Structures are given as structure tokens and as C-alpha cells.
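Colleague: I would like to go through this model with you, one question at a time. Please end each reply on the value or name I ask for.

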Protein chains: 4
Amino acid sequence: MGHFSTIKEEAYLANMEISKQKLAIYTFGNASSFDPDLGVYAIKPSGVPYDELSPEKMVVVDLENNIVEGELRPSSDTKTHTILYRHFEGIGGICHTHSAYAVAWAQAKRAIPIFGTTHADHLTVEVPVTEVMSDEAITRDYETETGKQILSAFESINYKEVEMVLVACHGPFSWGKDAMKAVYNSAVLEELAKMATLTLQINPAAEELKQTIRDKHYYRKHGKNAYYGQS
Amino acid sequence: MGHFSTIKEEAYLANMEISKQKLAIYTFGNASSFDPDLGVYAIKPSGVPYDELSPEKMVVVDLENNIVEGELRPSSDTKTHTILYRHFEGIGGICHTHSAYAVAWAQAKRAIPIFGTTHADHLTVEVPVTEVMSDEAITRDYETETGKQILSAFESINYKEVEMVLVACHGPFSWGKDAMKAVYNSAVLEELAKMATLTLQINPAAEELKQTIRDKHYYRKHGKNAYYGQS
Amino acid sequence: MGHFSTIKEEAYLANMEISKQKLAIYTFGNASSFDPDLGVYAIKPSGVPYDELSPEKMVVVDLENNIVEGELRPSSDTKTHTILYRHFEGIGGICHTHSAYAVAWAQAKRAIPIFGTTHADHLTVEVPVTEVMSDEAITRDYETETGKQILSAFESINYKEVEMVLVACHGPFSWGKDAMKAVYNSAVLEELAKMATLTLQINPAAEELKQTIRDKHYYRKHGKNAYYGQS
Amino acid sequence: MGHFSTIKEEAYLANMEISKQKLAIYTFGNASSFDPDLGVYAIKPSGVPYDELSPEKMVVVDLENNIVEGELRPSSDTKTHTILYRHFEGIGGICHTHSAYAVAWAQAKRAIPIFGTTHADHLTVEVPVTEVMSDEAITRDYETETGKQILSAFESINYKEVEMVLVACHGPFSWGKDAMKAVYNSAVLEELAKMATLTLQINPAAEELKQTIRDKHYYRKHGKNAYYGQS
């Protein structure tokens with residue numbers, strides 16, 4: 001249906017960007033694009049390599065996890081996307097990758113400290129890491145529970161200010177106003193993860209950035225007094 | 001002979017994929033494709049750079065290590081491939097590389113711990129490492145003995161569930177239903193090796209993934225209840 | 001105006017070189033080119049990706065931070081460039097990136113030791129790191145103050161001999177006789193930062209290069225008795 | 001002169017290979033090709049970027065360091081090449097790079113241990129590192145003395161079996177039967193340096209490879225009983 005052509009095109013381009021930014025080998029990542037008016041989103045089909053993708057192959061899913069359009073099975077992480085779209089009102093895209101440095105922090109079960117302004121340009125706190133899922137939750141609906149782990153991590157964090165998270169033992173998820181911004185946030189997260197790893201190698205006692213510089217960098221890019229960029 | 005055109009083509013494509021995935025510099029890797037009906041396999045010729053390969057240059061070898069077809073000398077690791085095809089019934093391809101992170105774990109003589117779901121998506125246990133070969137075995141038939149070292153490491157491991165191994169002091173071998181899947185497993189192994197290295201740098205006390213998550217991820221991709229991919 | 005066509009072209013080419021040398025992802029870096037006769041410089045517009053740049057989009061700014069020509073908002077780091085052009089007489093270009101290894105040293109708040117001749121070929125001392133900016137300075141004009149932090153770090157260092165610096169918690173700035181040389185210095189700095197990181201991993205007690213070799217390498221490339229290069 | 005066209009072409013191709021194998025940024029590496037009958041070699045001109053090279057620009061030098069042909073100044077490392085050609089009889093090419101991992105070991109002043117078969121495929125001992133040059137030697141003819149440092153390191157090592165070395169605080173030099181083989185050895189050295197660095201990160205107590213495996217791998221590639229490759 002023509003109704004979904006925009007989100008399918010956007011989801012396609014965002015998934016291709018995952019590959020272009022080298023955030024995943026083979027099929028190890030997925031992105032989706034949400035249409036708030038229709039209440040549906042387009043997502044990568046499961047297990048299909050990036051160079052075999054096309055806008056037509058994107059799968060359209062509603063917020064009850066029903067397939068609305070598409071011949072292929074959607075990403076195995078689909079239910080995680082659904083739960084985030086249901087609770088993070090206003091986001092228009094989600095990205096999940098297995099980029100190496102971000103995965104390493106997730107596997108180390110450590111939040112990524114905020115060591116510098118590259119980080120503060122995007123968020124003023126550490127990149128949060130979820131709790132490890134309980135055995136009881138795993139036996140329920142694993143992918144939905146993954147989404148709930150993320151929601152728990154954001155009980156006291158504003159998802160509009162922190163657009164990325166590490167799922168413990170798993171890897172990064174990110175979101176944003178649209179699908180391409182979500183992939184951008186995954187690329188930024190990988191860069192922050194790499195910089196933090198190197199920083200600790202050079203100085204294991206490195207201290208986090210002080211609050212005044214965090215705020216200065218964040219608010220020159222975000223909010224009504226921002227003066228970064230062209231609008 | 002036309003009999004061998006399929007395995008020669010598959011072996012050629014798999015060897016080119018080693019180079020494309022940057023799993024080896026120069027000639028530091030080889031892949032083979034097996035035909036169970038004919039009892040022979042096609043393998044890379046020894047010491048020939050990837051960009052000089054063609055399907056015609058692949059060497060066809062039987063399971064007694066006789067050259068059945070081909071003008072060139074087969075890979076120096078040929079006898080290791082033979083022993084694996086003889087004992088790992090049902091596999092259709094083998095890949096051997098000298099990718100840097102996997103080699104480093106082999107040189108460190110450490111199995112790669114299972115720290116996260118990227119690993120559990122492919123196998124539910126650590127990536128095993130063989131024993132170091134005895135001096136007595138080295139003086140026998142070195143490449144055949146390398147294969148036997150791998151067989152020993154798999155006495156209590158199912159080679160259909162764990163399709164990769166580190167040969168101590170040497171490097172990785174992997175296999176699969178066909179040659180391209182074997183190369184895929186080598187690329188996955190390199191990624192797991194890199195992620196595990198980084199994980200330990202970030203958290204030297206990182207714990208292995210708990211069993212429930214291992215099983216969940218593995219069985220959503222493998223077995224009769226799998227729901228990853230398109231079939 | 002045709003007056004500015006040279007510096008706009010030079011600034012454009014220098015910014016494209018940042019991307020080509022992989023010194024920044026997305027828009028995380030900027031370069032400028034100065035015309036000492038006109039007292040103005042051309043700089044990258046803020047937040048515009050490298051592949052959307054053109055010479056026409058460069059913004060021309062004077063040393064009072066007034067926009068002299070250009071439709072777009074200049075880089076948010078513009079005032080830092082201004083303060084450097086005002087005080088570092090004779091430089092013709094400035095580059096700022098967020099390359100990962102240099103940022104890591106800046107975040108670790110450590111000067112980069114001079115461990116070898118790759119370093120000594122370019123400067124005979126460690127790469128300096130600024131102090132962390134005071135809260136009081138942050139509340140003033142942040143980007144101008146960033147420039148002043150650099151000036152403070154160079155009170156006892158000759159900016160003509162040391163054409164690079166790490167701004168603590170932030171990242172590298174470099175300069176040179178023209179914009180392309182400034183980008184070259186950023187690429188060299190990233191390489192020196194990487195080599196120093198690896199050196200300390202291999203030998204945490206590695207000692208700095210002795211003075212006689214520092215001088216020998218520097219003066220075979222610089223000064224009147226230089227014999228490196230073609231002039 | 002047509003006399004030199006072969007070595008100029010070989011030197012050109014070898015220098016381009018340095019860049020292709022990413023063993024140096026900008027002009028940080030050089031290769032030369034020797035003609036034993038004429039007693040001269042062709043080498044990269046000093047400070048010229050790889051993408052501006054051509055066979056015609058190569059400089060022909062004799063073993064007294066006289067320029068025999070060429071409009072440009074030869075590499076600043078020319079005298080080091082000369083001393084090696086004078087003393088390492090039978091070699092046909094030399095390569096010098098500033099590849100990051102090899103430089104790091106040189107700056108750490110540590111020989112690279114032989115941890116595995118990738119290393120043993122090429123040499124059966126550690127990659128040697130020279131002594132640091134004395135102040136007195138530095139004041140003499142620095143580049144000739146660099147060559148002498150290498151000769152000293154090889155007093156008890158056979159340069160035909162170990163075709164690479166680390167000059168302390170500086171970086172790697174390698175040689176071989178021709179210029180392209182010398183560059184190949186530089187690429188192998190960088191890979192061995194990377195693998196050894198990672199091995200020690202994974203297991204700081206990693207032990208060197210036992211002698212029997214060293215010999216097995218080396219002699220399957222070298223000497224009269226070799227069975228690796230096609231000749």
C-alpha cells in the first residue's frame with residue numbers, strides 16, 4: 001500500500017546506513033521507522049543481508065506486533081521495537097546493532113562514563129546499562145522483556161535527552177526523531193564506547209567530565225539557546 | 001571434469017570471501033568445499049594470492065589426500081581438511097584463517113569465554129582451544145595431527161553445535177553446511193574474539209553469560225522452534 | 001566576492017581532507033583557512049556533513065567574529081579559531097577534529113609523551129594538554145575561553161615548533177602554514193596518539209626519547225640544515 | 001637511462017604497495033630495489049606523497065651514496081639502505097615504514113616474541129630490536145649509523161633467515177630477494193606485531209612457541225623440503 005511507502009523507504013535507508021557505518025557485520029543489526037498517525041512501523045526482515053534489502057522487503061508491523069504488510073518475517077527483535085514505540089512517545093525511529101565497542105561495554109555490564117565533550121555534545125550523563133534479565137522474565141516473551149528492561153533503566157532518565165542504552169550482555173539500542181537519527185545515535189554510541197575504552201587504557205583513574213562543561217556542550221547543541229547547526 | 005564444477009566454484013567463492021571479509025592478508029587462509037556423494041573436496045591452491053584465484057585453479061582432493069584434479073599443489077593445510085571431512089560427517093565446507101583476534105586467543109591458549117548474545121546466537125559454550133601438539137606428534141604427519149588435535153578437543157563437544165575451534169599457537173578453523181557458511185563462521189569467530197578482548201579490557205572480572213540467556217538466543221536461531229531468519 | 005575565493009577553496013579542500021583521513025565521523029571536525037592581508041578566514045559551516053560541503057558554503061569571518069560573507073552559520077568552534085589567528089601570528093590554517101586516540105589522551109588529561117622518531121620528526125617535546133577550564137571561564141564566552149586555554153598552554157612553548165595541542169576533556173586542535181598543513185598535523189597527531197597508546201600497552205615503563213635523537217630527527221626535517229623533502 | 005628502468009619500475013611498485021597495504025600515512029615509508037650487477041639501487045624521492053610517484057621519479061643511488069640518476073633528492077633514509085645493501089649480500093630490496101604496531105614495539109624497545117605459527121611461517125626467532133644509538137654515533141652520520149645499529153643486531157642472526165628488524169625508538173626495516181618481498185615482510189611484521197600485542201593483552205603470561213613447532217612451520221615453507229606454495 002502507498003500508505004507505508006515513506007516509512008518503508010526510511011527504514012530501508014536506515015538499515016543500509018547501519019552497514020555503511022560498519023555498525024554490524026552480516027545481518028547483526030536492524031532499524032525501523034515509525035508512522036505515529038498510522039500507529040505502525042516498518043522494520044528490516046529477519047536474517048536478510050543488507051545488500052539484498054530493498055524498500056519493498058521492509059515489513060510493516062503495528063503496536064500489537066501484528067504484521068500489517070510484507071511477505072517476509074520481521075526482525076527477531078521486533079517486539080523490542082514495539083515496546084519502545086509504545087512507551088517512548090514521540091520517537092520516530094529505532095536502531096539496534098552489535099557494534100564491537102558498544103557490545104563490549106554491554107558485556108562488561110558497565111555504563112559508559114562521560115569523559116569528554118564528544119559525549120556531552122549528545123547526552124549529559126553516562127550511557128546507561130540495563131539490569132541482566134531474570135530467568136523468570138526470559139521464560140516469558142524474551143524480546144518484549146528486553147524492551148521492558150530498557151524501560152526500567154529509564155525510570156529516572158529522560159528518553160528524549162538520552163537516546164541510547166546498553167542492554168546488559170547483549171548490545172546497544174538507540175532511537176531518535178526518525179530512523180536515520182537513530183542510526184546516527186548508534187554510530188555516536190560506538191564512537192563514545194571506543195573513546196572511553198581508550199581513555200581508561202591511557203589513564204585508568206580518568207575522572208568524568210565536570211557538570212558545567214557537560215551542560216555547556218549539551219545546550220549549545222540542544223534546546224532553545226542552541227547555536228550548533230543551521231536551524 | 002564437469003563433475004567437480006560445483007565444488008570448485010563454491011571453493012573459489014568462499015576463498016574470495018576470506019579476502020573480502022579481511023580475515024587474512026596475502027595467502028594466510030584457505031577454504032574448501034566438499035561433495036559427499038563423490039567423496040572429494042575442492043580447496044585453494046597453496047601460496048596463490050586471492051586476486052589470482054579462479055574456479056579452475058581450485059584443487060580437487062579425495063579423503064585419502066590424493067589429488068583427483070588440478071594442476072597446482074593444494075593448500076599446505078589440506079590434510080587437516082581431510083581429517084575433518086572424514087570425521088565430522090555432514091559438514092560441507094571448512095575455512096582456516098589467520099585473523100588477528102582469533103589468532104591472539106589461540107596464541108594465548110585460552111578458550112574464548114561466552115560473554116554475550118552475539119556469541120550465544122551462534123554457540124552456547126566457549127570457543128574451544130586445542131591442546132598444544134606433542135613433539136612426538138609433530139614428527140609424524142603435522143597437518144593430519146592438527147586435525148587430530150581438533151578431534152580430541154571435540155570428544156565431548158558436538159561439532160554440529162560448535163562449528164569453530166582455536167588450534168593452540170596457530171589459529172582458527174571453522175566449518176559448516178557449505179564452504180560459505182564456514183567462512184561466515186570464521187568472520188563471526190573473529191568478531192567474538194574481538195568483543196571478548198575488549199570486554200576483558202573494560203572489565204577484567206567480566207562474568208560469562210548465564211545459561212538461560214545462552215539457550216534463549218541459540219534456540220531462537222537454531223532447531224525446530226527457531227524464529228530467526230526466513231525459513 | 002572573488003576576494004575570498006582562495007581561502008574558501010582551501011578551507012573546503014581541508015575540510016574534505018578531514019573526512020578522507022577519517023579524522024571525524026559525521027560533522028565532528030572543522031578546518032579554516034586564513035588570509036592575513038584581508039584579516040579574515042573561511043571556515044566550515046556548522047553541522048553540515050562533509051559530503052554536502054562546497055567552496056561556496058564556506059563562511060568568511062573576521063577577527064572580531066563578524067560574518068563577512070556566507071549564508072550559513074559558521075562552525076560553533078569559530079571563536080576558538082579567531083583567538084588562535086589573533087595570537088599565533090603567521091599561521092594560515094587551523095584544524096579541529098574528534099579523532100579517537102587524540103580525544104582519548106585529551107580525556108585522560110595526559111600530554112602525549114615523545115616515544116620515538118615519528119613524533120620527533122614533527123616536534124621535539126610531548127604534545128601538550130591544556131588545563132581544564134574553570135567554571136567561571138565556562139560561564140563567559142566558552143569558545144573564546146577554549147582558545148585562551150590553548151594560549152595559556154603555550155606560554156612557554158613556541159607555537160611555530162609545536163603545531164598541535166590537546167584541549168583537556170575535549171580533543172585536538174592543530175595549525176600550520178596553511179589549512180591543509182593543519183589537517184596534516186591533525187592526522188600526524190592521531191597517529192602519534194595511537195602509537196603512544198600501543199607503546200604503553202607493550203611496555204608500561206617505556207621511556208621517552210633521548211634529547212639527541214629528538215633534535216636529530218627534527219632538524220633533518222626543519223630549519224636551514226634540513227635535508228628531508230625536496231626544497 | 002634504460003639500464004635502470006627495471007629497478008625504477010620495481011621500486012615504484014614497491015612504494016605504491018606500502019601505501020596500498022596501509023603501512024604508512026603520507027610519506028612515512030620508503031622502499032628500494034637493487035641491481036647487483038650495476039651496484040646501484042632505485043629509491044623513493046624524499047617527502048613525495050605516494051599518489052604523486054611514478055617510475056621516472058625514483059632516484060638511482062650507488063653504494064657510495066652518489067646519485068647516479070634522478071632529478072629529485074632521495075629518501076632521507078638512503079644511507080641506511082646503502083649500508084644494508086653493502087653488507088647483506090644477496091638481498092634485492094629494502095622497505096622501511098612507520099606502521100603503528102611495529103613502531104610501538106620499537107618504541108617499547110622490545111623484541112617481538114614468537115607466539116605462534118603465523119610468526120614461525122616467516123622466522124623461527126623473535127623479531128630483533130637494535131640497541132639505542134649512542135650520542136656519539138648520532139653526531140656522526142645518523143643514517144649510516146642506523147644501518148650499523150642493524151648490522152650489530154645481526155652479528156649472531158642470519159639476515160637471510162630473519163628478514164626484518166625493529167630499530168629502537170624508530171621503527172621497522174625489512175628486506176628480501178626483491179623490493180616487493182621486502183614490502184611483504186613489512187606487512188607480515190606489522191601483522192605479527194599486532195597479534196603479539198593482542199596476545200599479551202589476553203594472556204600477559206603467554207609463553208613463546210616451542211622449538212619443534214617453530215621448525216616445523218618454517219621448514220614447510222623454506223629450504224629444500226618445503227611443500228608450501230607452487231615451486
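Colleague: How many salt bridges does the rule find across the interface of chain C and chain D?

Modeller: This is a predicted model, in which local features need pLDDT of at least 70, side-chain atom pairs count only at pLDDT 80 or more, and totals for chains, interfaces and linings use all residues. Residues are numbered from 1 along each chain as written, chains are lettered from A and ligands numbered from 1 in written order, and side-chain values use heavy atoms, without hydrogens and water. A salt bridge here is a side-chain nitrogen of Lys or Arg within 4 Å of a carboxyl oxygen of Asp or Glu. Between chain C and chain D, the rule gives 3 salt bridges.

Colleague: Which residue of chain D meets C:Lys210 in a salt bridge?

Modeller: The N to O distance is 2.9 Å. The partner of C:Lys210 is D:Asp135.

Colleague: Which helix gives the largest share of the side of chain C that touches chain D?

Modeller: Helices are DSSP runs (H or I, at least four residues; strands are E, at least two), numbered from the N terminus. H4, H7 and H8 of chain C each supply at least two residues to that side. The largest share is 11 residues, and its source is H7(C).

Colleague: What area is buried between chain C and chain D?

Modeller: Buried area is the accessible area (1.4 Å probe) that two parts lose on being put together, summed over both. Contact (heavy atoms within 4.5 Å) takes 35 residues from chain C and 33 from chain D. Carbon and sulfur atoms give 55% of the buried area, which is about 3,000 Å².

Colleague: Which residue of chain A pairs with C:Asp135 in a salt bridge?

Modeller: The rule finds 4 salt bridges across the interface of chain C and chain A. In the one formed by C:Asp135, the closest N and O atoms are 3.0 Å apart, and the partner is A:Lys210.

Colleague: Which helix gives the largest share of the side of chain C that touches chain A?

Modeller: Helices H3, H5, H6 and H7 of chain C each give two or more residues to that side. The largest share is 6 residues, from H3(C).

Colleague: How far apart are the nearest C-alpha atoms of chain B and chain C?

Modeller: Chain B and chain C do not touch. No contact joins chain A and chain D either, with their closest C-alpha atoms 11 Å apart. For chain B and chain C, the nearest C-alpha atoms are separated by 11 Å.

Colleague: Which side chain of opposite charge is nearest to D:Arg214?

Modeller: D:Arg214 sits in helix H8 (residues 211-221) of chain D. D:Arg214 is buried (under 20% relative accessible area; exposed is over 50%, partly exposed in between; 1.4 Å probe, protein chains only) and has no salt bridge. A polar atom of its side chain lies 3.2 Å from the backbone oxygen of D:Thr124. With Lys and Arg positive, Asp and Glu negative, and His and chain ends not counted, the nearest opposite charge is 4.2 Å away, on D:Glu208.

Colleague: How many of the 12 residues of H6(D) are buried?

Modeller: The buried residues of H6(D) pack against elements including helix H4 (117-120) and helix H8 (211-221) of chain C. Among them are D:Tyr142, D:Gly147 and D:Ala153. H6(D) is mostly covered, and its buried residues number 10.

Colleague: Is B:Leu72 buried, partly exposed or exposed?

Modeller: B:Leu72 lies in the loop between strand E4 (67-69) and helix H2 (78-87) of chain B. Its contacts beyond four places in sequence include B:Val59 and D:Gln230. Its relative accessible area is 24%, so B:Leu72 is partly exposed.

Conventions:
A polar contact is a pair of N or O atoms within 3.5 Å; within protein, one must be able to donate a hydrogen and the other to accept it, and residues adjacent in sequence count only if both atoms are side-chain atoms.
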